[in-house]
Amino acid sequence: MKRLMMAMALAAYGAFAAGELDDAQLIGATDKARAIDYACGEKMTFTLTLKNAKEYPADTYFVSWKRTGDDGKTESGKLPLEKTPFVYTTSIDKPGFVRLTAYVTDAKGNAYKKTLHADPNTIEGRRALNRWERADKRVFFDGGAGAEPAKIQSVPEPADFDAFWARHKERLAKVPLKADLVEIPLKDTRVKAYAVTIACAGPRPSTGYMTVPTAPGKYPISMSFHGYGHSGNGKGHVIQPPTYGATDRIFFNFSPHGYELLREPEYYDEFYRSLMNGNRTFGFYDEQNKDPENSYFSGFTYRIMRALQYLKTRPEWDGKNIRVAGGSMGGLQSMWAAGLDPDVTLAEPSIPWNCDIGGRDTLKRIIDPWYIHETPALRYYDNVNLAKRIPKTCTVNITRAGLGDYCCPPSGIWAMWNNLKCPKKCRWVQGSTHGHIPPEGMGNQEFVVEEN
């Protein structure tokens with residue numbers, strides 16, 4: 001049923017000033033150029049190649065690998081790091097995805113961790129150091145392949161789904177649309193900047209920073225959403241006041257939590273502490289998520305709808321174009337915006353979070369441990385269901401989806417994709433996790449799926 005031919009390919013790309021694998025990358029590809037073009041039961045063949053490695057003593061390093069999948073099957077192994085390709089063949093008998101992970105270890109099974117050799121006293125070295133702090137320092141591959149993903153579906157949506165959102169919009173409409181603006185001085189007189197607070201339904205107002213061109217004319221709206229965050233100290237996921245702005249658009253930097261703007265760091269420290277419930281942060285409280293009205297996402301969606309309502313009252317708006325964009329939780333918000341406001345014309349989510357949130361536990365698809373547990377109440381906020389409500393006047397462009405991203409699993413993104421009836425496009429990257437993208441120029445496998 002399965003065929004394993006195990007080994008690794010080593011290629012020395014010049015001399016490096018560090019350990020044998022400090023510049024190495026483990027690059028993977030499938031035998032089909034598009035790793036989603038397999039039929040159920042068809043063989044999928046992965047080939048992994050280790051690039052940019054120096055020579056090393058025999059029996060020094062090993063490869064630990066594991067296959068999981070939406071079919072619940074698991075297979076794993078360990079083998080010496082050799083100079084022939086690592087080829088792994090598997091299949092899946094139902095619509096869904098297979099995940100293959102592999103990483104280099106020492107003889108004791110400890111993952112090889114790269115060492116940075118940049119000079120922190122130079123500008124380039126400091127930049128490298130900053131990137132390094134956020135990098136996965138293993139030599140690894142995390143990717144996958146899909147069988148008949150166009151058939152992937154989630155659980156049925158709630159029978160009163162549209163009535164629920166109609167009630168939400170009615171509550172929001174009862175709150176007068178009033179905005180308070182505090183101007184933020186900018187050196188560039190071509191743009192004006194504001195801290196904006198808009199009266200809203202739910203626990204807090206809708207807040208964010210806006211920039212508007214000063215030249216007379218009509219401009220499109222661009223709204224930016226942020227990823228998940230709960231760090232304080234006035235930094236982290238606290239959005240900062242603008243120091244410049246675009247001259248060709250109305251730009252709104254949305255604050256997901258509706259906290260006050262232009263406050264001291266201590267305020268944000270306390271704000272984020274107030275979102276904690278034991279060791280859980282916002283959105284992850286199982287008890288709260290039993291009721292769609294009590295879920296943290298309820299206030300979130302009020303604030304998104306209200307910000308868009310306000311932006312459309314700006315006299316500078318061209319009356320036609322509204323773009324929403326963001327990554328991870330920002331991708332989730334982008335899809336909410338497009339599904340809840342029919343005037344949105346372009347949604348550009350990247351690695352969109354919480355697709356198939358309403359069916360992940362029921363359907364037993366694979367996912368990383370860091371995820372929100374399924375409840376029937378969360379199906380109202382599932383992008384899989386809101387995708388159906390995005391009109392054909394909007395285009396959805398998913399700028400990145402990772403075949404190794406199980407914070408935002410491929411099966412969930414495909415369940416959402418299959419419900420989109422508007423023009424749509426998605427860029428899939430092999431070996432890309434939630435935070436890691438393989439370096440360019442190493443034979444990376446990526447492809448674009450597009451439907452009009």
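Visitor: Which exposed residues does the face of H1 turned away from its buried side carry?
Guide: The model is predicted, and helix H1 covers residues 123-133. A residue counts as exposed when its relative accessible area is over 50%. On the face of H1 turned away from the buried side, the residues that are exposed are Arg127, Arg131 and Glu133.

Visitor: Why do the buried residues of H1 line one face of the helix?
Guide: The buried residues in H1 are Gly125, Ala128 and Trp132. They line one face because, in a view down the helix axis, they fall within an arc of 60°.

Visitor: Which strands stand at the edges of the open sheet?
Guide: The sheet is formed by 10 strands with mixed pairing, in the order S10-S11-S12-S14-S13-S15-S16-S17-S18-S19. A strand at the edge has a single partner strand, so one of its sides is left without a neighbour in the sheet. From one strand to the next, the twist averages 15°. The edge strands are S10 (179-184) and S19 (446-451).

Visitor: What is the bridge partner of Arg323 in S16?
Guide: Strands S15 (residues 317-327) and S16 (residues 346-350) run parallel and are joined by 5 bridges. For Arg323, the bridge partner in S16 is Leu346.

Visitor: What angle does the direction of helix H4 make with that of S14?
Guide: Helix H4 (residues 296-311) packs on the sheet, where the strands it touches include S10, S11 (191-198), S12 (206-213) and S15. Strands S13 (219-225) and S14 (250-255) are also among those touched by H4. The angle between the directions of H4 and S14 is about 160°.

Visitor: At what angle to S18 does helix H8 run?
Guide: Helix H8 spans residues 410-419. The strands it lies across are S17 (395-402), S18 (424-429) and S19. Relative to S18, H8 runs at about 165°.

Visitor: How much space lies in the largest cavity?
Guide: There are 3 cavities of 30 Å³ or more. The lining of the largest cavity consists of Cys355, Asp356, Arg360, Arg365, Ile366, Ile367, Pro409, Ser411 and Gly412. The space in this largest cavity is about 50 Å³.

Visitor: Is Asn385 buried or exposed?
Guide: Asn385 is found in helix H7 (residues 383-386). Leaving out residues up to four places away in sequence, Asn385 touches Glu157, Pro158, Phe161 and Arg379. The relative accessibility of Asn385 is 3%, so the residue counts as buried.

Key
Residues numbered from 1 in each chain as written. Predicted model: local features only at pLDDT ≥ 70, side-chain atom pairs only at ≥ 80, totals over all residues. Heavy atoms only, no water. Buried < 20%, exposed > 50% of the residue type's maximum accessible area, 1.4 Å probe, protein only. Helix = DSSP H or I, 4+ residues; strand = E, 2+ residues; numbered from the N terminus. Arc of directions from axis to C-beta. Pairing = 2+ DSSP bridges. Axes fitted to C-alpha atoms, helices over the stretch in contact; angles between N-to-C directions. Contact = heavy atoms within 4.5 Å. 1 Å grid on protein atoms, 1.4 Å probe; cavity = no way out; pocket = protein on both sides within 12 Å on 5 of 7 lines; lining within 4 Å. Points joined across faces, edges and corners; volume = space filled by probe spheres on them.
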